[in-house]
Amino acid sequence: MTQADGTQRPSGTGRLRLHDSGTCFLRDGVPTFLLADTLWAAFSRMSMSEWRDALRLRRRQGFNAVNISILPIAHDRSLSADARAPFQVREDGSWDLDRFDPGYFADARRMVDVAVEEGIVPVLVVLWCNYVANTWGAALTPEVVLDERQTARYVGLVLQTFADAGPVFCISGDERFDDEVAVARYRSALDMIQSGAPDCLTTLHSTPDAVLPTELIASPRLDYYSYQSGHDLGWEERAAELPQRYSAYPEHKPIVSMEPCYEGHGYGRGLGRHDARSVRLASWVGVLSGAGAGLGYAAHGAWSWHRVGEAFNGERFSGTPFPAHLALAFPGAWDVGLLRRIVEEHRLYDLRPRQDLLVSTRSGTRLGMSEDGRRVALYLPHAFSVGVRADLSGGRLQVWDLGRGRRDDVRLRYGDGVTTFEQPDVLQDALYVLTF
């Protein structure tokens, strides 16, 4: 595509739009699966060279977006004396919430420009819950809560700094939406953002237990849904339950699994850590359960941009982060890059769960099917024979050994109303895609 200056712009660098189907996004007029790495702390902790290197790697792996919190996540971050601050710092180390640091926002804009140059859509969280009155985050860090006037000034600065770069504005961060004052603050911010940047898409980031208020669901200013299935116990069940809940809302919009379990993140307060297989399970189950528009990924240590020897104030829940340069190399990033390619190749944007068709769900197999039945996908967490109460024998079958990231092959047969897939010869998880 040709830019205003006459130079050629690489494909996949246009602004994100909504597809008319309401199930996915468009970029340069092409249906697109939004795959975002999560580098929440980029603006406060990453150098420009680190930023460029990270984005280049993620672009090669298949990512086309990055999640960033404009303001530092006050209760959940790696700590160092050289971190950049969005507000002027007083002598006692506290922030003066009435005085922005212009250098912080200038650097942040330069980082956004670099992301856009790489073909990466910035997804910018405007107000993490720490900065909004009457939220659970505000109770942990009351010293950074913005009042109504300060919030309006800040949102105005956000628009002035970023709007013309065409990011997605994610209005909330880790919000429960269980308080009227807080909801009103987010609604006001959403209205300001959409009025000031009508060409930018908007969404919300919430806690795993959040229920969106009716007024936000119905708002035409909210372009798509995002949810967090989370990291702690129950993450597997939520990976399937939450996209179905969002699919049932009366206002149908694209659904993004913005925060499934992070690779390397702890669960059960020391019980274990999520690995690449956990990430694949949460990610594929989301797609097959209704979240076919996009996915977030994160490596524990990269999202907070952690360095060796630093303190981390979320350790009790999340576990000590790995050094960022090591976390950036975790293998799960390649796995979700493959997921994006498969979704786009087979147009798996609009699958809905059809567990009722499975002869047995004991091994955790998930089945998703398009409404017209012409696209079917099965995710197998474990290698067992699978029976489906439908005639799938006429479809074109593609099989993936997801643990190895390579194509495989299985045979199927149809009889007595059941299509039976033979047991795959894989030790980890597998994916079957049928198209008709």
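**Rings, helix pairs and loops**

Phe105 is buried, at a relative accessible area of 4%. Buried stands for under 20%, exposed for over 50% and partly exposed for the range in between, with a 1.4 Å probe on protein chains only. This is a predicted model, in which local features need pLDDT of at least 70 and side-chain atom pairs pLDDT 80 or more, while totals for chains, interfaces and linings use all residues. Residues count from 1 along each chain as its sequence is written, and side-chain values rest on heavy atoms, without hydrogens or water.

Start with the rings. There are 17 aromatic pairs in the structure. One of them joins Phe100 to Phe105. Their ring centres are 5.9 Å apart, the planes stand at 80°, and the pair is edge-to-face. (Rings of Phe, Tyr and Trp, the last by its six-membered ring, pair with centres within 6.5 Å; planes under 30 degrees apart are stacked, over 60 edge-to-face, the rest tilted.) Phe100 is also buried, because its relative accessibility is 15%.

Tyr225 and Tyr249 give another case. Their centres lie 5.5 Å apart and their planes meet at 65°, so this pair is edge-to-face too. (Helices, H or I of at least four residues, and strands, E of at least two, are DSSP runs numbered from the N terminus.) Tyr225 counts as buried because its relative accessible area is 1%. Tyr249 has 9% and is therefore buried as well.

The charged end of Arg58 is placed over the ring of Phe63, at 5.4 Å from the ring centre. Over the ring of Trp400 sits the charged end of Arg407, 5.8 Å from the centre. (The test asks for NZ of Lys or CZ of Arg within 6 Å of the ring centre and within 35 degrees of the ring normal.)

Two packed helices are described by the angle between their axes and the distance between the axes. Helix H3 (residues 102-117) packs with helix H5 (residues 148-162) at about 45°, their axes 10 Å apart. (Axes are lines fitted to C-alpha atoms, for helices over the stretch in contact; angles between N-to-C directions run from 0 to 180 degrees.) H3 is therefore oblique to H5. (Under 35 degrees is roughly parallel, over 145 roughly antiparallel, 65 to 115 roughly perpendicular, the rest oblique.) The H3 and H5 crossing is right-handed. (Right-handed means that the near helix is turned clockwise from the far one by less than a right angle, left-handed anticlockwise.) From H3, Phe105, Ala108, Arg109 and Val112 make the contact (heavy atoms within 4.5 Å). Their counterparts in H5 are Tyr154, Leu157, Thr161 and Phe162.

Now take helix H9 (residues 276-288) and helix H12 (residues 332-346). Their axes approach within 9 Å and cross at roughly 20°. H9 and H12 therefore run roughly parallel to each other. The crossing of H9 and H12 is right-handed. H9 supplies Ala276, Val279, Arg280, Ser283, Trp284 and Val287 to the contact. H12 supplies Gly332, Asp335, Val336, Leu339, Ile342 and Val343.

Turn to the loops. Arg269 has phi near 50°, a positive value in a residue other than glycine. It lies between strand E14 (266-267) and strand E15 (272-273). Is Arg269 exposed, partly exposed or buried? Arg269 counts as partly exposed because its relative accessibility is 47%.

Trp305 is not a glycine either, yet its phi is positive, about 45°. This residue is in the loop from strand E16 (294-297) to strand E17 (311-312). Trp305 is buried because its relative accessible area is 6%.

Leu233 occupies the loop between E12 and H8. Leu233 is exposed because its relative accessibility reaches 54%. Its C-alpha is 6.5 Å from that of Tyr267, 34 residues away along the chain. Leaving aside residues up to four places away in sequence, Leu233 touches Arg238, Tyr267, Gly268 and Leu271.

Arg90 lies in the loop linking strand E7 (87-89) to strand E8 (95-100). At 42% relative accessibility, Arg90 is therefore partly exposed. Beyond four places in sequence, Arg90 touches Trp95, Asp96 and Leu97. From Arg90 to Lys253, 163 residues along the chain, the C-alpha separation is 44 Å.
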